[in-house]
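Good morning. I will go through one structure today, a few places at a time, so please keep the sequence and the model in view.

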Amino acid sequence: MDRLRVTGIRVAPLLRRALQQNETSPAMLSVCQQRLISSSNVHQQSAGVPKKLWELGKLNHVAIAVPDLTQATAMYRDVLGAKVSDAHEQPEHGVYTVFVELGNSKIELLHPLGANSPIQGFLDKNKSGGLHHICLEVSDINAAIKSVQAAKVRCLGKEPKIGAHGKPVMFLHPKDCGGVLIELEEEMLRKIPRCEKCFRENSGLVKLRRFSSKKLDVPWNVMFFGSDAFSVKNAEALNDVRGTSVERLEIVSKNPGASRIGKFAKCSGLPVHRWPVKLEPNHDFDVGVVASFGHLLPRELIESFPWGILNVHASLLPRWRGAAPVPRAILNGDTFTGATIMRIHPHRFDVGEILAQRQCIIDSDETTETLLMKIADVGSLLLLEVLKDLPKSFADMKAQPTTGVRLAPKLKPEEARVNWNSSSRCIDLQCRAISSTYPIVTQWTGLIGDIRLLELKFIAEAEISAVSPVLQKLTPGSFRYLKSAKAIGARAMR
Ligand SMILES: C[C@@H](C(=O)O)C(=O)SCCNC(=O)CCNC(=O)[C@H](O)C(C)(C)COP(=O)(O)OP(=O)(O)OC[C@H]1O[C@@H](n2cnc3c(N)ncnc32)[C@H](O)[C@@H]1OP(=O)(O)O
């Protein structure tokens with residue numbers, strides 16, 4: 001190998017001498033390193049492999065499968081004197097983990113959890129346990145996956161999972177890696193200082209910027225994507241912490257002139273961008289925030305923000321993924337829901353990792369409008385908590401559970417039609433959930449078109465005769481015009 005490694009970067013022979021002789025100042029070194037990333041791209045491309053827009057970092061851990069976790073933990077702690085963690089369940093991976101701290105690296109002790117644990121299969125073949133995998137850090141898991149796949153190395157899984165450190169991981173097939181199972185883990189923190197000059201020269205390489213300029217502390221420059229009153233509550237919260245957690249706040253709106261968020265931006269003197277937004281590749285926003293935006297964001301846009309884009313979603317994900325989480329929760333008769341701060345993924349709605357989540361109660365007279373505002377209050381506070389320590393929030397984030405997924409598709413006008421054969425409870429839920437989106441309607445025999453119901457009053461069985469004797473005579477499931485009350489009287493089934 002005619003290459004020398006300096007802080008994780010491969011250095012071309014021409015520079016090697018200069019670096020060895022310490023001829024470069026620290027500032028120059030950073031320039032050199034950045035240039036080398038692009039020169040290695042050229043090298044990769046000429047070999048028919050896609051541009052390498054990621055870096056290999058250090059060995060994160062060596063994993064050892066053990067048949068007896070207590071005994072193995074005691075050996076490292078009591079015999080070798082190492083600092084060891086508690087045992088943690090990782091149900092997504094079918095393992096228990098214990099980490100043995102080694103200063104610059106770690107040993108991960110693995111023990112089977114559940115019936116289908118890959119560690120059980122390994123222990124069946126290796127009764128006393130043994131080296132299971134090594135974990136290497138990469139700067140961008142998705143870019144690394146593309147590169148290894150292009151080199152015909154099989155990835156064990158369609159998408160990265162969240163690993164033991166709360167970061168995205170991907171395993172590579174041992175048969176394609178010299179008999180060693182390799183785990184790649186996305187390490188968020190890039191160790192190379194940013195070089196403005198080189199970045200400008202390489203402005204097409206958006207991903208370089210993504211890691212080289214990741215700020216680690218407040219205040220953040222935030223780009224906010226929104227539309228309605230729910231969005232405004234969240235934008236207001238961000239605007240209120242300008243000077244502490246947020247430095248610059250700019251708004252993206254589909255219709256800045258007419259939308260609630262556009263008007264809020266104007267009143268608050270915030271810059272507004274019309275959707276679809278075109279950002280300079282070297283923009284200096286740290287993070288994007290989406291609340292009730294309704295447009296799929298392209299991958300390039302998401303990845304141009306060093307911390308990606310966060311979403312304030314109006315439900316406890318994975319329950320009620322989709323465009324209408326609030327009316328769906330009411331319509332379903334749920335007694336509680338909540339707010340989730342989630343990381344946006346390209347191409348798919350509401351599947352990203354959860355950074356924070358908080359519950360709120362659905363009252364018995366709750367409507368979509370009141371509940372939306374309740375969740376907006378909870379969600380905007382949660383958003384500020386996440387922004388207070390973004391690196392920690394990312395380190396703690398969790399993949400969404402695979403169970404408990406419910407979809408919340410957009411409401412359809414036909415869902416606003418009352419079925420008098422259903423129970424009064426269902427009709428009540430229907431009105432509270434849907435009437436702010438579509439008028440509640442019913443069909444009168446002989447009339448062309450629908451009758452729009454302006455207000456619904458529910459009368460208990462015991463009170464029917466006092467309100468209207470006509471109503472009492474109605475058979476369940478039928479309805480009649482009550483001349484004196486200028487209202488339609490209907491009798492539900494239950
Ligand atoms: C918490 C998390 C984290 O750190 O973040 C974790 O650690 S999760 C750690 C647990 N999760 C994982 O391991 C996920 C990735 N692993 C897998 O998908 C699987 O275990 C495979 C590696 C594909 C093995 O699959 P499976 O057990 O069904 O097949 P198999 O036993 O027939 O093995 C196929 C061939 O691979 C070899 N083989 C199996 N496991 C191996 C290992 N760990 N190292 C080296 N070689 C291995 C077998 O000897 C066999 O070779 P021959 O054909 O020559 O006999």
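This is a predicted model: local features need pLDDT of at least 70, side-chain atom pairs count only at pLDDT 80 or more; totals for chains, interfaces and linings use all residues.

**Loops, a helix and a ligand**

Ser-292 sits in the loop that joins β15 (287-291) to α10 (299-304). The phi angle of Ser-292 is near 55 degrees, which is a positive value in a residue other than glycine. Is Ser-292 buried, partly exposed or exposed? With a relative accessible area of 29%, Ser-292 counts as partly exposed, because the partly exposed class runs between the buried limit of 20% and the exposed limit of 50%.

His-347 is not a glycine either, and its phi is positive, at about 70 degrees. Look for His-347 in the loop between β17 (336-343) and β18 (354-361). His-347 has a relative accessible area of 57%, so it is exposed.

Next, the prolines. The peptide bond that runs from Val-218 to Pro-219 is cis, and its omega is near -5 degrees. Pro-219 belongs to the loop between α7 (206-212) and β12 (220-226). The bond from Leu-317 to Pro-318 is cis as well, with omega near 15 degrees. Pro-318 is in the loop between β16 (309-313) and α11 (325-331).

Gln-400 is placed in the loop between α13 (390-396) and α14 (424-434). What does the side chain of Gln-400 reach? It reaches the backbone oxygen of Asp-350, at 3.0 Å. A polar atom of that side chain also lies 2.9 Å from the backbone oxygen of Gly-352.

Now to a helix. In α4, residues 118-125, the buried residues are Ile-119, Phe-122 and Leu-123. Viewed down the helix axis, these buried residues fall within an arc of 95 degrees, so they line one face of α4. What do the buried residues of α4 pack against? The answer is four strands: β3 (56-65), β6 (95-101), β7 (106-112) and β8 (130-138). At the N-terminal end, α4 is capped by Ser-117, which has a side-chain oxygen 3.1 Å from the backbone nitrogen of Ile-119.

That helix also takes us to the ligand. The ligand is surrounded by 19 residues, and among the closest are Glu-108, Ala-164 and Glu-183. Which element gives the most to this shell? It is α4, with 3 residues. At least two residues each come from β7, α4, β8 and β11 (181-186). By class, the shell holds 9 nonpolar, 6 polar and 4 charged residues.

Last, some distances at the ligand. Lys-125 has a polar side-chain atom 2.7 Å from an oxygen atom of the ligand. For Lys-175, a polar side-chain atom is 2.6 Å from a ligand oxygen. His-132 takes part through its backbone, with an N or O atom 2.9 Å from a nitrogen atom of the ligand. On its own the ligand exposes 1,000 Å², and the protein buries 67% of that.

Note on methods
Residues are numbered from 1 along each chain as its sequence is written. Side-chain values use heavy atoms; hydrogens and water are left out. Buried means under 20% relative accessible area, exposed over 50%, partly exposed in between (1.4 Å probe, protein chains only). The arc is that of the directions from the helix axis to the C-beta atoms. Contact means heavy atoms within 4.5 Å. A polar contact is a pair of N or O atoms within 3.5 Å; within protein, one must be able to donate a hydrogen and the other to accept it, and residues adjacent in sequence count only if both atoms are side-chain atoms. A residue is near a molecule or strand if one of its heavy atoms lies within 4 Å of it. Accessible areas come from the Shrake-Rupley method with a 1.4 Å probe; for residues, only the protein chains shown count as cover. Ala, Val, Leu, Ile, Met, Phe, Trp, Tyr, Cys and Pro count as nonpolar, Asp, Glu, Lys and Arg as charged, and the others, Gly among them, as polar.
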